[in-house]
Amino acid sequence: MYKINENYLKLPGSYLFSNIGKKVTAYKAANPDKDVISLGIGDVTQPLAPAVIEALHSAVDEMADAATFHGYAPDLGYEFLRSAIRDNDYRERGVDIALDEIFISDGAKSDSGNIGDIFAVDNKIAVCDPVYPVYVDTNAMAGRTGDYIADEERWSNVIYMPCTKETNFAPELPKETPDIIYLCFPNNPTGSTITKDQLQEWVDYANKVGAVIIYDAAYEAYISEENVPHTIYECDGAKTCAIELRSFSKNAGFTGTRLGFTVIPKELKSNGVMLNSLWARRHGTKFNGAPYIIQRAGEAVYSEAGKAQTKQQVAYYMNNAKTIIEGLKSAGYTVSGGVNAPYVWLETPDGMSSWDFFDYLLTKANIVGTPGSGFGPSGEGYFRLTAFGTYENTLKAIDRIKAL
Ligand code: MLT
């Protein structure tokens, strides 16, 4: 009999957001008259920007004509998109990234899950706790996390770096030395971030101990404060220790359109082997490229009109974040995040567990959020609300919470 990858059997339940989706569907089926508002999964609600729609239409027309039709995309992605990324996301910030260090993909979720392919199974990973579950679950699938200890809600072979009120929601350098360090700033789920000096400490540490940092900067567009790094490559020495993951989902509303990219500098080497070559080999073999029309849409995000329009969308969501923060504070909640990120992180009231508060909000106010403990043991007692709803629903949700 053939054998399966038994690592999958160690995974607890289903993926966090699938689990929540099932609970909400069941609640709606039992209560069809209820107006349920979702501030749960970080999915956008505003339509694609006009500049993006225009680019999509014209790319679709190109596909209808043999003279302008496009088949398979180049391995790394179209040069028009990679140049726009290099110029806008990096050169503008004084960072020099070469075109062949940028790999276009169908999004940061895939990249953050797939990047593990190029690393040995016996590397030890370190993650923030709470953390975006994809980093941990995909390492579990690869057999890198040991066994799941159900009553502690943690894996035996993972270094957890608590990010709690006590640490100002930032990780501290771990006591045990990791091989692969996952960092996400601005952070999902806590909405916190770290300064450039703090990130520099991580870069120095990784270079010193020979670790690689997988830096997820999917929420970069939400940075509003000075001194918060927009890319890890603003830090000295980051090119010898860091891979950066970026997304078009949150800055330009591409959650359903799918586009992202990964940067792997050629200086990044393990015992003389370039990670860039390994990822190029992997990308070329297992991926046939993001669609031409979507890459054209991505290019339009960097046009003058596209930049202005997507900036407005980000401002719209950040106004929601402000509404959530002010409303929750006036209702007596302790909140953080929501200043450089579209997520607000709140302490559950009266010592309620995260899942009890989830049920309470769903049944008493018909609001869906995300239980903090779903992101890791240190998320217990916390809850995440996203700013990605419509303004009207956000206001309505906050009024309902205030009325509880
Ligand atoms: C979230 O809610 O954490 C995000 O939607 C996750 C994602 O971007 O995949």
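Where does the ligand lie, and which domains give residues to the shell around it?

Reply: Happy to! Please keep in mind that this is a predicted model. The ligand lies between domain 1 (12–47 + 307–403) and domain 2 (53–304), because both give residues to the shell around it. That shell is made up of Ile 41, Gly 42, Asp 43, Lys 109, Tyr 132, Asn 188 and Ser 249. Sorted by class, there are 2 nonpolar, 3 polar and 2 charged residues.

An unreviewed UniProt entry carries the annotation "binding site" for Tyr 72, Ala 108, Lys 109, Tyr 132, Asn 188, Tyr 219, Ser 247, Phe 248, Ser 249, Arg 258 and Asn 288. These positions span 217 residues of sequence and are spread in space as well, with up to 33.4 Å between C-alpha atoms.

Ser 247 belongs to strand E9 (residues 242–247). Ser 247 counts as buried because it has 25 C-beta neighbours inside 10 Å, and 20 or more make a residue buried. Leaving out residues up to four places away in sequence, Ser 247 touches Gly 107, Ala 108, Ala 218 and Gly 260.

Arg 258 sits in the loop between helix H8 (249–252) and strand E10 (260–263). With 17 other C-beta atoms within 10 Å, Arg 258 is partly exposed.

Key: Residues are numbered from 1 along each chain as its sequence is written. This is a predicted model: local features need pLDDT of at least 70, side-chain atom pairs count only at pLDDT 80 or more; totals for chains, interfaces and linings use all residues. UniProt positions are given in the numbering used here, feature names are shortened, and annotations may be inferred rather than shown by experiment. Helices (H or I, at least four residues) and strands (E, at least two) are DSSP runs, numbered from the N terminus. A residue is buried if 20 or more other C-beta atoms lie within 10 Å of its own, exposed if 12 or fewer, and partly exposed in between; C-beta atoms are placed from the backbone. Two residues are in contact if their C-beta atoms, placed from the backbone, lie within 7 Å. A residue is near a molecule or strand if its C-beta atom, placed from the backbone, lies within 6 Å of it. Ala, Val, Leu, Ile, Met, Phe, Trp, Tyr, Cys and Pro count as nonpolar, Asp, Glu, Lys and Arg as charged, and the others, Gly among them, as polar. Domain bounds come from an automatic or database domain assignment.
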